[in-house]
Amino acid sequence: DGLCAIFPPLVYIQVAYHALGEPRDHWLRQQCEHEIERWIVDGTDTNPPHKRIAPCFSPVWDTGIALYAVTETGVTASSDERLAKTCDWLREREVMTVGDWVHNLRPADRTLTMGPGGTDAAWAFEYRNEWSPDVDDTAMICKSLWRAGDRPGENANRDAAKRGIRWILRMQNDDGGFAAFDRTKHRNWMEAIPFADHNAMQDPSCADITGRTLEALITCGVPQDHPAVKRAVRYLQHEQYDFGGWWGRWGVNFIYGTWQAVGGLVHAGEDPKQPYLQRTADWLRSIQQDDGGFGENANSYLSGEGGRKWIGVGKTTASQTAWAVMALMFLAGAEDPAVERAIHFLCNNQLKHPAPANFPEHPLEEPAGSWQESEFTGGGFPKVFYLRYHLYRHYFPQMALARYTNLVSDN
């Protein structure tokens, strides 16, 4: 919780208030201190003993993706009360506040109203963060709530999803893409400022969020010929790299960006047999490793040859294998040999028995049925820090396996 609910602002708020002469016992400084202390992970009973600080909590993000993964197996809010309660929990975290992001909207779009009974809805990443909703989480929640459906006689989940879609459409950038926290323009010169915070002085459009948003728009009933959809498709086509992949802002890296971009394009009606998408499929096949899995090192974000040599290269992981195989299933179906090899990798590496913690390689005990993954495959700030989401290695493989099963059954 807390103002903006993530490490950098909770630190800088204290710096700013100290510079203004506010004492340490000021209520906001105290709140910021308290929230940072909640992130301290005590590893004094591990070998070697240590403590570390997490940058934030990610419950809305994790719950939205887990909900999507479970719905891929066919479970809905009407068939399982546990899933219905998950939807209730997400709706309770709808952002009710119009923040300063409203000033970047087109003048005609600034008349929005937030929350139940209003025209728009949005969600943030953390437990409670009224001031910083983001398109990425909102798109994830919208399509998950829509897929989950409602209890008999109710329409709360899909109504909330519709409100979220209206907010997302207001947030589309002029280049056709979507960013995380603001409707904005890409001002490259800002990245050259020496004190650029985390190399992220701005929040421009990116392929991964745009792809996820396209899927959410189509899932929630926006037609494929809607002008916003067409603009987003053109943006993604422009952002594709020559070798066939897309750069991933919020996940490591080209495997993540490519999966999201491909999913959005196919949902928007793009024919996977088009040459530019077959180039993507060929690239994915070319980086598949001998064990059938996929992996990419975060050094792929580095500039020049030092980064290029790591594109699509790295230790195989469950989460990145799931992303790659889901992209391939969009492009080549379930019976493609590369798809089958990746699915076998996920099945063969699923834990048959509980695995003990082995810090730092595997810092958590894992139950049977899960996967072990020590790599950091989540994006924080490229070239600055990365995130290890402890659920990525569980819900993304489960999502991929369920999708494969559905496609095979359909065939």
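The dialogue below walks through a few features of this predicted model.

Q: Which residues touch the most other members of the largest nonpolar core?

A: The largest nonpolar core holds 103 residues, and those that touch the most other members are W61, W167, I168, W246, M326 and F396. Helix α12, residues 318-332, gives this core its largest share, which is 11 residues.

Q: With what is W61 in contact, leaving aside its neighbours within four places in sequence?

A: The contacts of W61 counted in this way include the aromatic residues F125, Y256, Y389, Y392 and Y395, and among the others are D136, D137, M140 and R212.

Q: How many disulfides does the structure hold?

A: A disulfide is a covalent bond between the sulfur atoms of two cysteines. The structure holds 0 of them. C206 is in no disulfide, and the cysteine sulfur nearest to it, that of C56, lies 17 Å away; C206 counts as buried because its relative accessibility is 5%, under the 20% limit.

Q: How many salt bridges does the structure hold, and which residues are linked in a network of them?

A: The structure holds 23 salt bridges, and a network of them links R106, D109, D120, R170, D174 and R183.

Q: Which parts of the chain does the salt bridge between R38 and D1 link?

A: In this pair the closest N and O atoms are 3.7 Å apart, and the two residues belong to distant parts of the chain, 37 residues apart, with R38 in the loop between α2 (27-37) and β1 and D1 in the segment before α1 (7-19). R38 is partly exposed at a relative accessible area of 35%, and D1 is partly exposed at 30%. R38 also forms a salt bridge with E35, where the closest N and O atoms are 2.8 Å apart, and E35 is buried, with a relative accessible area of 7%.

Q: Are E366 and R393 buried or exposed?

A: Both E366 and R393 are buried, and their side chains meet in a salt bridge at 2.7 Å, N to O. This pair joins distant parts of the chain, 27 residues apart: E366 is in the loop between α13 (337-349) and β3 (378-381), while R393 is in helix α14, residues 392-410.

Q: Which residues form a nonpolar patch on the surface?

A: F7, I40 and I53 form such a patch, with about 250 Å² of accessible area together. I40 is found in strand β1, residues 40-43, and counts as partly exposed because its relative accessibility is 40%.

How values were computed. Residues numbered from 1 in each chain as written. Predicted model: local features only at pLDDT ≥ 70, side-chain atom pairs only at ≥ 80, totals over all residues. Heavy atoms only, no water. Patch = residues over 30% accessible without salt bridge, like charges linked within 9 Å, V, L, I, M, F, W, Y side chains within 5 Å. Areas by Shrake-Rupley, 256 points an atom, 1.4 Å probe, with all protein chains shown as cover. Salt bridge = Lys/Arg side-chain N within 4 Å of Asp/Glu carboxyl O. Helix = DSSP H or I, 4+ residues; strand = E, 2+ residues; numbered from the N terminus. Buried < 20%, exposed > 50% of the residue type's maximum accessible area, 1.4 Å probe, protein only. Core = buried A, V, L, I, M, F, W, Y, C linked by side-chain atoms within 4.5 Å. Contact = heavy atoms within 4.5 Å. Disulfide = S-S within 2.5 Å.
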